[in-house]
Amino acid sequence: MFYLLALIIERVAKQPFEDFAKTMLFEPLGLKHTAFKVAIDQIFENKAHQYAFRQGQYKKYQSLSLCIGAGGITSTAQDLLKWAQIYIDQSHHYYWLGEFL
């Protein structure tokens, strides 16, 4: 469903969904360390990794959910806090977006 929505946005905006999200969401919200991940091993400053406990030890977990629209976003804790503010701070300029989503 979200993948289809991303395709619709691409057609209407006449640009890739990742460019649309960058200019319409990430940049206006000040999310400087948030982007779509294009490759599993892409280098991303201050990136947190997922780990899974397997066979008695923790191993780095690599998610294959790179489908833009349904996932594939990578971010930092600081940017996630900024994103959360639109849901909880009624005086935030983008509070309406939090209510809409």
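Which residues form one aromatic cluster? The members are Phe17, Phe20, Phe26 and Phe36, and together they make up one aromatic cluster. Before I go on, please keep in mind that what you see is a predicted model.

The protein chain contains four helices and four strands, and along the sequence they come in the order α-α-β-β-β-β-α-α. There are 101 residues in the protein chain, and 22% of them count as buried. If you take the contacts in the protein chain with a separation of 6 or more, 51% of them are between residues 24 or more positions apart. As for the accessible surface, the protein chain has about 7,800 Å², with 58% of that belonging to carbon and sulfur atoms.

Now, back to the rings. Searching the whole structure gives six aromatic pairs. One of the pairs found is phenylalanine 17 with phenylalanine 20: the ring centres are 6.5 Å apart and the planes are at 25 degrees, so this pair is stacked. The cut-off for stacking is under 30 degrees between the planes. Both phenylalanine 17 and phenylalanine 20 sit in helix H2, which covers residues 17-26, and they are three residues apart, about one turn of the helix. How covered are they? Phenylalanine 17 is buried, because its relative accessible area is 12%, while phenylalanine 20, with 23%, is partly exposed.

Compare that with the rings of tryptophan 83 and tyrosine 87, whose centres are 6.1 Å apart and whose planes are at 70 degrees, so the pair is edge-to-face. Here the cut-off is over 60 degrees. This pair lies in helix H3, residues 77-88, where tryptophan 83 and tyrosine 87 are four residues apart, about one turn of the helix. Tryptophan 83 has a relative accessibility of 25% and so counts as partly exposed. Tyrosine 87 is partly exposed too, with a relative accessible area of 36%.

Let me stay with tryptophan 83 for a moment and bring in tyrosine 94. The two are eleven residues apart along the chain, and their C-alpha atoms are separated by 9.7 Å. You will find tyrosine 94 in the loop between H3 and helix H4, which spans 95-100. Is tyrosine 94 buried or exposed? Its relative accessibility is 19%, so it counts as buried; the cut-off is under 20%. If we leave aside neighbours within four places in sequence, tyrosine 94 is in contact with Pro28, Leu29 and Ile86.

Next, a return to the cluster, through Phe36, one of its members. The C-alpha atoms of phenylalanine 36 and glycine 72 are separated by 5.5 Å, although the two residues are 36 residues apart along the chain. Glycine 72 has its place in the loop between strand S3, at 57-61, and strand S4, at 73-74. With a relative accessibility of 10%, glycine 72 counts as buried.

Last stop: the surface. Which residues make a nonpolar surface patch of about 700 Å²? They are Phe2, Tyr3, Leu4, Leu5, Leu7, Ile8 and Val12.

Definitions and conventions:
Residues numbered from 1 in each chain as written. Predicted model: local features only at pLDDT ≥ 70, side-chain atom pairs only at ≥ 80, totals over all residues. Heavy atoms only, no water. Helix = DSSP H or I, 4+ residues; strand = E, 2+ residues; numbered from the N terminus. Buried < 20%, exposed > 50% of the residue type's maximum accessible area, 1.4 Å probe, protein only. Patch = residues over 30% accessible without salt bridge, like charges linked within 9 Å, V, L, I, M, F, W, Y side chains within 5 Å. Areas by Shrake-Rupley, 256 points an atom, 1.4 Å probe, with all protein chains shown as cover. Salt bridge = Lys/Arg side-chain N within 4 Å of Asp/Glu carboxyl O. Contact = heavy atoms within 4.5 Å.
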